[in-house]
Amino acid sequence: MSETRGRICFVCGLLVLIFTLFAWRLIYLQVSQHDYFSLKAAEKHSIRIPIPARRGRILDRNGEELAVNIPVQTVYADGTHIRNAAAVAGVAAPFLDMTVKELTEKLSTQRPYVVIRKGVSEEKAEGLIHAMEKSGLHGLYLQEGAERSYPNEEMLCHVLGFVDHTGHGADGIEKILDQELSGQDGFRMIEHDRKGREIVIYRGQEQLPENGSDIRLSIDMGLQAIVEREIDATYKELHPVSATAILTDPMTGEVLAMACRPNYDPNRFNEAKPEQMRNRAITDMYEPGSTFKIVVADAALNEGIVDENTRIFCENGHFSYGGKILKDHIGYGELSLHDILMKSSNIGSAKMALRMADNTYYDYVRRFGFGEKTGIPLNGEISGLVNPPQRWDMLTKTRMAMGQSVAVTPIQMVMAMSAVANGGKLMKPRLVLSRGEGDNVEAPVPLREVVRTKTANFVSNALQSVVSNQGTAPLARIEGFTVAGKTGTAQKISPHGGYLDNRYIVSFAGFFPAEHPKLMGIVIVDDAPIGKANFGGLVAAPVFSRIGGKAARYLDLQPESAAVMAQSGNAGSIPGSIR
Amino acid sequence: MNGNRRRPSNAIEINFLARWLGLVLMIGLAGLFFVYLKNQQHAVGDQTRQVEAALREIEATNEALKAQITAMTSRGALQRRLDDGYFKLEPIRDTAIARVTPALQAEPDGVLRTASRDPDSRLGLGVPQRAINR
């Protein structure tokens, strides 16, 4: 009896021991090793799916879409679902424009998320899914994305820039405002079943994406189209190295249009050459020539060194200074400040500069914004070149007075001329009107008061005469409006020192209506091979006139007939002193 | 042999049995209900997934159509159609444009007038003050 009892106790004890061991093992796996096995399980079933943020659109000032998103699919593979990589590759390769071998290599993975191809169109993606279902294969999935598209193609390409293959801005506004345009991608932790379908009730942590902000530019596409058409016609007709035009609102500094040639299509940026992609309005500097005379005139007048009645002897066209002869195109005797600007006298401008202290003159050049970046929100802007007085030689001051020995960018020149147009305030160029939802329009930013209003008005008045028959740019006239402006004809600098013969950068910078300026524009034509007729007044001024005329019509500006009669009253032949 | 002739019997405790059977039944039903709810959850999850996919598809189609409309009405596309002669532009002469006076702002009293009372308005449409203030 006791033997039987002993056996029972032994078996029971053995069972207790076995179950104790099992229990201990269970506790060990469930408690001690909980984190480890949870992670293993999550790795097996749970994956982090990114939810891409929608990139913000770029709009013009009237809401016209300049950069939009086209939905495309990203094809990704879950390596844990792929049993036969070669079979999947054989089915999928034709839809993905890849070779079977290449795709097989990519699919031979155990990673749960491997991007196979981005930018697959909706049609191809649907075809791929149907083919996979038909063949009973698993492992390839779709994820929504978007491709950037620029519906206006080449138009405004240098301002807009483009988005590279990573989806981030690589140039222009796309690059500078990339963070605001991109937004913040979200994500969702999901678990999937054996067939790779999401098990919705086991959705884990989720963070919704923050879509990128829409950016509204100050650009007016109506004006941009006008500028593009004219600059394109000039480029095709004259075959210059480059052509640039900018339109701004001189009162607010808003950039209304900006175009350069050569240009490119941002939808096919990988086909563009580097010289096509340069936004020459901000990345190229040039000697401005006579357009720079507004600086010395403003400075001398504002400092009281000359006044409206001061007359300067212009040496009859030959002025010997510093061992060099400075020439005017036509010999002049005594000229007033008004006439120096109207006739674009080099000697008159040089003599005005010589009356000023070096530092004073330099200070005015800098106050007009030359030698520093304007702060326009575009990448690649340069500050130009203005040497301080310590680095000047004897001739520098006289040369700077007529726009040599100094290098400026087109945007700097526009903003400086705008200061004359708006009564003496240097404005910061404004390209972005608002960001995101709502009407929170950014305010214009005046940088400083460069000259007194009276000074600016006098120079503005003198610049009106530049467009008269006695001036250098009668071809810049716009029917129905008084135009104020200045021509520039500068010899190109040789890379070996000195200047190149018969090769010029010609320009015209002006604004209208002169009394109450609405539009400020500059046209620059670089090295057009047209021989001796290559002057700002003959090449750039007519382009400005055409742009201005069409822009006035587009903006429905009221013609001011009385004032125009005064400007164009002396109808007759165009004088030969156009420079 | 006069033993107890009463047959031995074990009384069934109905109350006890019913209590346990009820408990087991309740647990069973709760389990079944749990399974039912879980299945419902999965079914609703599947529906959610399908609706989300359909929504995504509609959104994508909508976006694609909007992008197509933008591309087809872009300035470049319109210019090409103009060049092809699909439509043409007719210039409007300045003499054919009538410019009307700008709309009047509300008066300080907040009342918008129905007509300009400015006798010097450019189109000469000024009306006598008396007529407006009746």
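## The five-stranded sheet

Let's start with an open sheet in chain A of this predicted model: five strands run in the order β10-β9-β20-β19-β18, and the pairing is antiparallel. Strands here are DSSP runs of E, at least two residues long, while helices are DSSP runs of H or I with at least four residues, and both are numbered from the N terminus. Two strands count as paired if DSSP finds at least two bridges between them. At the edges stand β10 (254–261) and β18 (484–493) of chain A, each with a single partner strand, so one side of each has no neighbour in the sheet. From one strand to the next, the twist averages 10 degrees.

Inside the sheet, β9 (residues 242–249) and β20 (residues 519–526) of chain A pair in the antiparallel sense over 7 bridges. I246(A) has I522(A) in β20(A) as its bridge partner. Helix α17(A) packs on this sheet, touching β9, β19 (499–512) and β20 of chain A, and its direction makes about 145 degrees with that of β20(A). Being in contact means that the C-beta atoms of two residues, placed from the backbone, lie within 7 Å. Axes are lines fitted to C-alpha atoms, for helices over the stretch in contact, and angles between N-to-C directions run from 0 to 180 degrees.

A word on the ground rules: residues are numbered from 1 along each chain as its sequence is written, and chains are lettered from A and ligands numbered from 1 in the order in which they are written. As this is a predicted model, local features need pLDDT of at least 70 and side-chain atom pairs count only at pLDDT 80 or more, whereas totals for chains, interfaces and linings use all residues.

On the α17(A) side, the contact is made by A419(A), V420(A) and A421(A), and on the α18(A) side by A456(A), V459(A), S460(A) and L463(A). By class, this contact has 6 nonpolar, 1 polar and no charged residues. For the classes, Ala, Val, Leu, Ile, Met, Phe, Trp, Tyr, Cys and Pro count as nonpolar, Asp, Glu, Lys and Arg as charged, and the others, Gly among them, as polar.

Then there's helix α19 (residues 536–555) of chain A, where 14 of the 20 residues are buried, so the rest of the structure largely encloses it. Buried means that 20 or more other C-beta atoms lie within 10 Å of a residue's own; 12 or fewer makes it exposed, and in between is partly exposed, with C-beta atoms placed from the backbone. After α19(A) comes D556(A), which has a positive phi near 55 degrees.

## Strand β3 and its partners

Strand β3 (residues 65–77) of chain A has 10 buried residues out of 13, so it too is largely enclosed by the rest of the structure. With strand β5 (residues 140–149) of chain A, β3(A) pairs in the antiparallel sense over 10 bridges, and P71(A) stands opposite A146(A) in β5(A). Another 4 bridges join β3(A) to strand β4 (residues 114–120) of chain A, again running antiparallel; here Q73(A) stands opposite V120(A) in β4(A).

Strand β2 (residues 58–59) of chain A pairs with β3(A) as well, antiparallel over 2 bridges. I58(A) has A67(A) in β3(A) as its bridge partner. The hairpin of β2(A) and β3(A) has 5 residues between the strands, and in it G63(A) takes a positive phi near 90 degrees.

## Domains and chains

Chain A is divided into domain 1 (51–189) and domain 2 (221–265 + 277–567), with bounds from an automatic or database domain assignment. Their C-alpha centres lie 46 Å apart. Domain 1 puts 17 residues into the contact and domain 2 puts in 16. On the domain 1 side, α7(A) gives the most, with 4 residues. By class, that side has 7 nonpolar, 2 polar and 8 charged residues.

Between the chains, the contact takes 15 residues from chain B and 18 residues from chain A. The largest share of the chain B side, 12 residues, comes from α1(B). That side divides into 4 nonpolar, 7 polar and 4 charged residues.
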